[in-house]
Amino acid sequence: MASHIVGYPRMGPKRELKFALESFWDGKSSAEELKQVAANLRLSIWKQMADAGIQHIPSNTFSYYDQVLDTTAMLGAVPDRYKWTGGEIGFDIYFSMARGNASVPAMEMTKWFDTNYHFIVPELGPEVKFSYASHKAVDEYNEAKALGVNTVPVLVGPVSYLLLSKPAKGVEKSFSLLSLIDKILPVYKEVVAELKASGATWIQFDEPTLVKDLDAHQLQAFNYAYAELESTLSGLNVLVETYFADVPAEAYKTLTSLKAVTAYGFDFVRGTKTLDLIKQGFPSGKLLFAGVVDGRNIWVNNLESSLNTLQALGDIVGKEKVVVSTSCSLLHTAVDLVNETKLDQEIKSWLAFAAQKIVEVNALAKAFSGQKDEAYFSSNAAALASRKSSPRVTNEAVQKAAAALKGSDHRRATNVSSRLDAQQKKLNLPILPTTTIGSFPQTADLRRVRREFKANKISEEDYIHFIKEEINNVVKIQEELDIDVLVHGEPERNDMVEYFGEQLSGFAFTANGWVQSYGSRCVKPPIIYGDVSRPKPMTVFWSSTAQSLTKRPMKGMLTGPVTILNWSFVRDDQPRFETCYQIALAIKDEVEDLERAGITVIQIDEAALREGLPLRKSEEAFYLNWAVHSFRITNCGVQDTTQIHTHMCYSNFNDIIHSIIDMDADVITIENSRSDEKLLSVFREGVKYGAGIGPGVYDIHSPRIPPTEEIADRINKMLAVLESNILWVNPDCGLKTRKYTEVKPALTNLVAAAKLIRNQL
Ligand code: GLN
Ligand code: ZN
């Protein structure tokens, strides 16, 4: 019985690629050394899959940076500013597009569907001359073949490539990117022909945009493109792979009618309606790649239940037509559990990272064909049973409290304008109050001390002393700068989610569970395995210490439930919203403890609220409803005089503005670094906004120090659409990645600009 893997992580089990890339970029190692590390990683991955018994092993899912950028290179679609002069695209042009160079900025990067992976957005226009400029797909196919593995070369499909692009600068917004299909297909044909000539028998086109809400014109592009490719593809087995959700009914019809295609890949994990679609009809004679092993999470598969799904599919399309696969590329999960030597054995038995998922796929394929590995299946059943019954997973009290939340609403008793009045009486802030988002620069010393404390190399007493000193400095700096609402600087935190996860029950942490975020950057999401509760206060000590050092209001600083959820691997044995409600209750306790300790301004960051937005419009309302509800739960119990802030790391919230208003925070600070236009247009269009709002006036992602006049100018622009009594003045985001030499002059200018405008009002 056949098995297949959609794609595999590139970084390596110990982030070998990350270190090789960064050393190359720093000029510390050669291109040859980087290529060698990459080749070794590919070799070990192919070997691993072959040894596990996988039949359809992917190639070209490796990338030095990003697979969409690889496609841009393949098509020779290099924006003019990189001054490419033709020929095969090498590291210089490739990495300039990815990261910019001394004279030219990088191409834009954006999130890959609803994952935390970011791709490089192609910039296209009518003038782009496409040509076959990177032979990477063929080279990797040949490389694997030479090692004895006949792989399935994977390409980003031509229609998804265009749908994920944006019009280049200067090109009219109305330009139809899909009109470029005739220009890119000739390159695709060349690639396919070359793969065929090299001996490929399969090819995989990833067309994940098919799971989104596409209109008839966009769907038509699939008909057109694959009909155009038909003669070139003939003789090959052609797999079109979709993932991250089910394919909407219309798109399913289009897809399954493509003549050139011989196999279809569907997500049976997130695609909750996929099975129903198949029941309604599947083209006879074609193969069904059934993605039953979750590529987005770290839990062991429920093998019996997957086997049932496979059997149901076999009954519909014919057993020999079903190929067992992953729900999507394993790029979005951690690499190998083998390296988790410190993880507790019981929890470890519940987990499967990419390397383990390969084994699961193979075991399912074998079981499906009647060669069930009974021992493997029963140990899987035992792991699932232990997870289900473990007292570490279930906390009755938490379950009850969270269940009681559903159905009812949670809001503060008074409306925002009267709350703001009550708060102003207490806080007595000037007009256009200034504040920062939370973190202050994290020096190497600070990181070292935190590390040493964690490793028990310095005493708690010394640690507290050091952090207090750091807070004291941050407070002094802010007082000298004359900032109105202070922060303690977050010196005790390594990461805004990890810090809370480590103190909450129900969370586990890995040593090497890294997932690529973009380029060489990886994140290590906590694992939420059980009911979440807060054994004791998490931030009260540091916040009250900080408050005791100043007469000015000191913001308590918390991460919100939705952000903690969206930046973690979440349990799959209950709906996400239930886990979110549990976190919300834990944060609520913290909010109330802070209030009791005399903290009058509390910021609850929801940096990642927008990230959780589902891929399909029809599911947005449900998500936004529980996400916003979770946020409100955290602070519905505070007094009118306690000011609740929230912070968000994106400016394109035009489409969710009503949900943001519904969060009912007293003040919201938002990223707004690159343009004021996007954000302000919402208010220009007449959205009524009565709460405090601080659109960032200083781009903390850049080392540049914004001059006073520039900040003043931005404040003035905002005052044209927002009332002066609700506007706050603050940077875009936390300052932790910046240096003090940048932060001090920038904040000096920020305060000066606020004062300048105050005097004019
Ligand atoms: N309070 C956090 C900080 O300042 C917020 C970070 C974020 O929004 N990503 O670091
Ligand atoms: Zn932010």
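Thr-559 stands opposite Asp-605 in S17, a strand that, like the others here, is a DSSP run of E with at least two residues, numbered from the N terminus. This is a predicted model, in which local features need pLDDT of at least 70 and side-chain atom pairs count only at pLDDT 80 or more, while totals for chains, interfaces and linings use all residues. Residues are numbered from 1 along each chain as its sequence is written, and chains are lettered from A and ligands numbered from 1 in the order in which they are written.

**The sheet**
- S16 and S17 pair in the parallel sense over five bridges, where pairing requires that DSSP finds at least two bridges between two strands.
- Five bridges also join S17 to S18 in parallel, and Val-601 has Gln-643 of S18 as its bridge partner.
- S18 (residues 643-648) and S19 (residues 667-670) are parallel over four bridges, with His-647 partnered by Thr-669 in S19.
- These strands belong to an open sheet of five strands in the order S16-S17-S18-S19-S20, with parallel pairing.
- Strands S16 (555-559) and S20 (692-695) stand at the edges, each with a single partner strand, so one side of each is left without a neighbour in the sheet.

**Burial of S17**
- Five of the five residues of S17 (residues 601-605) are buried, a term that applies if 20 or more other C-beta atoms, placed from the backbone, lie within 10 Å of a residue's own.
- Val-601, Gln-603 and Asp-605 cover one side of this strand and Ile-602 and Ile-604 the other, all of them buried.

Technical notes. A residue is buried if 20 or more other C-beta atoms lie within 10 Å of its own, exposed if 12 or fewer, and partly exposed in between; C-beta atoms are placed from the backbone.
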